[in-house]
Amino acid sequence: MKRALLPLLIASSLALAVGLTSSVPAGAAVTGGATHGDFGPPQGAPINAILTSPPMVPPATGRHVPAKVIVNLEVREVEREISEGVTYTFWTFGGTVPGSFIRVRQGDTVEFHLKNHQDNKMPHNIDLHGVTGPGGGAASSFTAPGHESQFTFKALNAGLFVYHCATAPVGMHIANGMYGLILVEPPQGLPKVDHEYYVMQGDFYTTGKYREKGHQDFDMGKAIDERPTYVLFNGAEGALTGDKALPAKVGETVRLYVGNGGPNLVSSFHVIGEIFDKVWFEGGSHFQENVQTTLIPSGGAAMAQFHIDVPGTYLLVDHSIFRTFNKGALAMLKATGPENHAIYSGKEVDSTYVGERAAPNLTSVSVATAAAASGTLTLEQQVKAGGALFNGTCSACHQASGAGLPGVFPPLAKSDFLAADPKRAIGIVMHGFNGKVTVNGQQYDSVMPPMTQLSDDEVANIVTYVLNSWGNPGGQISTDDVTKARAASQPAEGH
């Protein structure tokens with residue numbers, strides 16, 4: 001009996017072995033279940049890689065043979081806004097955060113040229129996680145300002161890989177924005193979709209607090225302690241919101257190439273209102289289906305794909321949710337097209353949920369900040385800025401009309417409590433409010449948390465807006481008024 005089964009077992013084993021290897025392209029080796037692709041020397045003339053700035057992605061290679069691909073990438077140190085009215089000096093690959101998106105095919109031979117612009121102050125290099133070799137190219141690419149380095153590697157593994165600077169202090173270079181993604185397509189390419197977008201999360205550490213206006217420098221102490229001031233998509237608060245939101249249409253399929261530059265935090269990436277049809281977790285060759293939230297480690301990536309069934313605004317967030325609403329990790333995808341009430345009854349995401357980023361931008365806030373800096377701030381400018389900030393910070397409780405919620409949140413409209421002492425609103429916003437309070441003859445007993453995330457000029461603008469709205473007596477609160485009031489350390493008590 002045992003001898004009769006032996007030939008069958010051998011035959012079955014051979015058939016299984018053939019099945020495992022039959023789908024592996026010629027020239028590829030299978031090691032531990034992973035396809036390691038060396039498909040021979042490059043064929044045809046060298047190709048200059050198409051690099052794109054975020055959120056755009058280069059077109060598919062469309063090739064079925066390996067090629068020599070030349071990549072030219074320049075490091076630029078640039079000063080630009082990290083939030084409205086807040087500037088920061090970013091160190092970048094290609095002038096953007098994240099750096100330029102690179103797309104090649106498995107088996108390609110990549111000739112990499114790294115240039116460090118002559119106006120830069122620091123030396124830089126690049127470590128590509130898609131490189132097989134010590135340092136991922138870092139040791140071969142250390143480049144002083146005004147110089148260029150060159151090295152060559154073969155893209156042996158398919159996947160979505162992070163690249164970053166690895167010059168000491170490594171954490172500081174990454175924290176200043178020096179990261180990006182390189183996609184190594186599998187030999188057969190990826191399934192076609194209607195849209196491909198490039199989104200990358202990063203945590204930033206500034207000397208000033210969140211949204212504190214003016215120029216902010218890097219804070220090494222906060223970075224070491226892993227206490228980021230900002231957690232952002234694509235290098236700036238609002239980089240992918242309002243009129244910069246990612247566009248799509250009902251019926252289309254979207255693939256997001258999502259990276260996490262870190263340098264410290266793990267991302268809990270989620271799109272509110274969508275389920276990912278497929279997630280190629282950790283940027284590898286296998287996908288999971290019907291995923292709500294996917295973890296992306298610092299220095300890692302994922303490909304997330306979904307189909308648009310109904311129109312509206314879909315929010316891209318880090319579901320470590322305070323990062324979204326209090327540190328800036330919020331992006332938008334806006335889908336247009338016909339409603340489908342069989343799937344969803346409809347209603348656009350409202351401003352109390354999205355916050356002030358529901359508007360195309362925060363132009364009024366920027367205008368007020370610039371005017372305050374030049375000493376020309378008008379009451380009208382301050383009221384407009386305060387209205388935009390109130391909409392995203394206060395209106396969920398006090399309502400856009402200022403009417404509050406009966407028995408729960410006191411009204412701000414025609415408030416005798418505010419009229420009796422307009423400036424006490426400053427302390428309430430900054431330090432919160434606990435206990436009973438009587439407003440317009442009605443007693444309320446609730447808790448308002450301190451709005452510690454607001455800067456002095458934001459508090460001034462919000463209070464000024466409230467004092468000049470809904471039948472209130474008017475008045476103007478300056479940033480200096482708030483700065484002086486901030487010395488108060490105790491929450492306001494109800495009466």
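The buried residues of helix H7 are Gln 382, Val 383, Ala 385, Gly 386, Gly 387, Ala 388, Leu 389 and Phe 390, where buried means under 20% relative accessible area, exposed over 50%, and partly exposed in between (1.4 Å probe, protein chains only). Helices here are DSSP runs of H or I with at least four residues, strands are runs of E with at least two, and both are numbered from the N terminus. This is a predicted model, so to speak of a local feature takes pLDDT of at least 70, and side-chain atom pairs count only at pLDDT 80 or more, while totals for chains, interfaces and linings use all residues. Residues are numbered from 1 along each chain as its sequence is written, and side-chain values use heavy atoms, with hydrogens and water left out.

As for what sits over that buried set, the cover includes helix H6 (363-374), helix H8 (395-398) and helix H11 (456-467). The length of H7 also works out: its 15 residues, 379-393, should span 21 Å at 1.5 Å a residue, and the end C-alpha atoms are 20 Å apart, which agrees. The expected span is 1.5 Å times one less than the number of residues.

Next comes Thr 92, which belongs to strand S5 (residues 86-93). Its relative accessibility is 0%, so Thr 92 counts as buried. The Thr 92 side chain reaches two backbone atoms: the oxygen of Arg 76 at 2.8 Å and the nitrogen of Gly 95 at 2.9 Å. Setting aside neighbours within four places in sequence, Thr 92 is in contact (heavy atoms within 4.5 Å) with Glu 74, Val 75, Arg 76, Val 78, Val 97, Gly 177 and Met 178.

Pro 98 lies in the loop between S5 and strand S6 (102-105). Another cis peptide bond joins Ala 168 and Pro 169, with omega about -10°. Here the proline falls in the loop between strand S10 (159-164) and helix H2 (170-175).

Backbone angles bring up a couple of other residues. Asn 234 is not a glycine, yet has a positive phi of about 55°. Asn 234 is found in the loop between strand S14 (230-233) and strand S15 (246-249), and is buried, with a relative accessible area of 9%. Trp 470, not a glycine either, has a positive phi of about 60°. Its place is the loop between H11 and helix H12 (479-485), and H11 is among the helices covering the buried residues of H7.

Conventions: A polar contact is a pair of N or O atoms within 3.5 Å; within protein, one must be able to donate a hydrogen and the other to accept it, and residues adjacent in sequence count only if both atoms are side-chain atoms.
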